[in-house]
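Hello,

Here is the structure I said I would pass on to you. My notes on what was found in it follow below.

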Amino acid sequence: MIIWKTDRSWHGYAAWLDPDTETFEPDDLEKAREVLAEDPNAVMLNGYYCGHFGEDMNALEIAAGIRWHYENGYNLLSDSTALPDEPTEPEKTMELTLTISPDQAKAIAQEVVKTVQPAIDYAAQKAREFIDWAIQVAGEFAKIAAESLSKFMDAMLYSVNAHPKWWHLYKHAKKYRVRKKYRKRLMQQLIESLRAAPDPLEVIT
């Protein structure tokens with residue numbers, strides 16, 4: 001039973017619950033919402049479950065029980081589990097469209113470049129330093145290789161030389177032309193010695 005009050009008048013409405021869901025039937029649900037609109041303090045009472053009621057009570061005693069629940073805010077209709085949950089509205093999604101003009105895009109790009117330019121400059125500097133170091137190391141290796149080859153060739157030239165004067169002029173002549181001339185003679189001497197040497201394979205066999 002739904003009990004509510006308008007001004008000094010009391011009203012009552014007998015409602016039934018769906019046995020499967022324990023909530024108001026559609027018609028009763030509509031009425032319950034109308035009642036709450038008129039009186040938010042309306043109560044929903046059941047003589048079997050609510051206190052201050054009994055089978056042998058007279059009308060005055062029942063009225064006193066109803067008043068006790070209503071005035072003390074017990075068993076409010078608005079708190080009843082017979083009222084189904086209100087359907088929730090789907091969350092609204094907001095779409096944001098960002099429009100960038102060419103000038104704005106250019107300004108953003110300039111700011112990005114300005115931010116990363118120090119890192120770019122640093123990387124470029126380190127790259128130049130690495131290239132310079134690599135060139136220097138390669139030059140040093142080439143110099144060492146050339147010196148090693150030169151020493152190796154001198155050792156071979158000296159090992160087969162039969163003219164000490166040639167060797168002296170190759171190493172100590174003041175003019176480059178003279179040193180070159182005797183180096184050429186020593187080289188020819190080396191080639192002739194290698195040609196005259198026996199074949200290693202024939203020696204082995």
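**Helix α3 and its surface**

Val112 sits in helix α3, which covers residues 102-160 (helices are DSSP runs of H or I with at least four residues, strands are runs of E with at least two, and both are numbered from the N terminus). The model is a predicted one, in which local features need pLDDT of at least 70 and side-chain atom pairs count only at pLDDT 80 or more, while totals for chains, interfaces and linings use all residues. Residues are numbered from 1 along each chain as its sequence is written, and side-chain values use heavy atoms, with hydrogens and water left out.

With a relative accessible area of 47%, Val112 is partly exposed (buried is under 20%, exposed is over 50%, partly exposed is in between, with a 1.4 Å probe and protein chains only). Val112 is one of the residues in a nonpolar surface patch of about 560 Å², together with Leu98, Ile100, Ile108, Val116 and Ile120. Patch members have over 30% relative accessible area and no salt bridge; nonpolar side chains (Val, Leu, Ile, Met, Phe, Trp, Tyr) are joined within 5 Å and like charges within 9 Å.

**Salt bridges**

The structure holds 4 salt bridges (a side-chain nitrogen of Lys or Arg within 4 Å of a carboxyl oxygen of Asp or Glu). Three of them are described here.

- Glu111 pairs with Lys114, and their closest N and O atoms are 3.5 Å apart. Both residues belong to helix α3 and are 3 residues apart, about one turn of the helix. Glu111 is partly exposed at a relative accessible area of 43%, whereas Lys114 is exposed at 56%.
- Lys126 pairs with Glu129, where the closest N and O atoms are also 3.5 Å apart. About one helical turn separates Lys126 and Glu129, because they are 3 residues apart in helix α3. Lys126 is partly exposed, with 39% relative accessible area, and Glu129 is partly exposed, with 39% as well.
- Lys171 and Asp154 meet through their side chains in a salt bridge with an N to O distance of 2.6 Å. Lys171 is in helix α4 (residues 164-172) and Asp154 is in helix α3, so this pair ties together parts that are 17 residues apart in sequence. Asp154 is buried at 11% relative accessibility, while Lys171 is partly exposed at 35%.

**The N-terminal part**

Strand β1 (residues 2-6) contains Thr6, which is partly exposed at 24% relative accessibility. Leaving aside residues up to four places away in sequence, Thr6 touches His11 and Glu38 (a contact means heavy atoms within 4.5 Å). Thr6 and Val35 are 29 residues apart along the chain, and 9.8 Å separates their C-alpha atoms.

Glu38, touched by Thr6, is also part of a negative surface patch with Glu25, Asp27, Glu30 and Glu34. Asp and Glu count as negative and Lys and Arg as positive, with His and the chain ends not counted; the place of a charge is NZ of Lys, CZ of Arg, CG of Asp or CD of Glu. Glu25 is located in the loop between β2 (9-13) and α1 (26-38). The relative accessible area of Glu25 is 31%, so this residue is partly exposed.

Two backbone angles are worth a look. Asp7 is not a glycine, yet has a positive phi of about 55 degrees. Asp7 lies in the loop between β1 and β2 and is exposed, with a relative accessible area of 74%. Glu22, again not a glycine, has a positive phi of about 60 degrees. Glu22 is found in the loop between β2 and α1 and is partly exposed at 47% relative accessibility.

**The chain overall**

There are 6 helices and 3 strands in the chain. Their order from the N terminus is β-β-α-β-α-α-α-α-α. Of the 205 residues in the chain, 18% are buried. The accessible surface of the chain is about 16900 Å², and carbon and sulfur atoms account for 58% of this surface (Shrake-Rupley method, 1.4 Å probe; for residues, only the protein chains shown count as cover). Among contacts between residues at least 6 apart in sequence, 53% join residues at least 24 apart.

Regards
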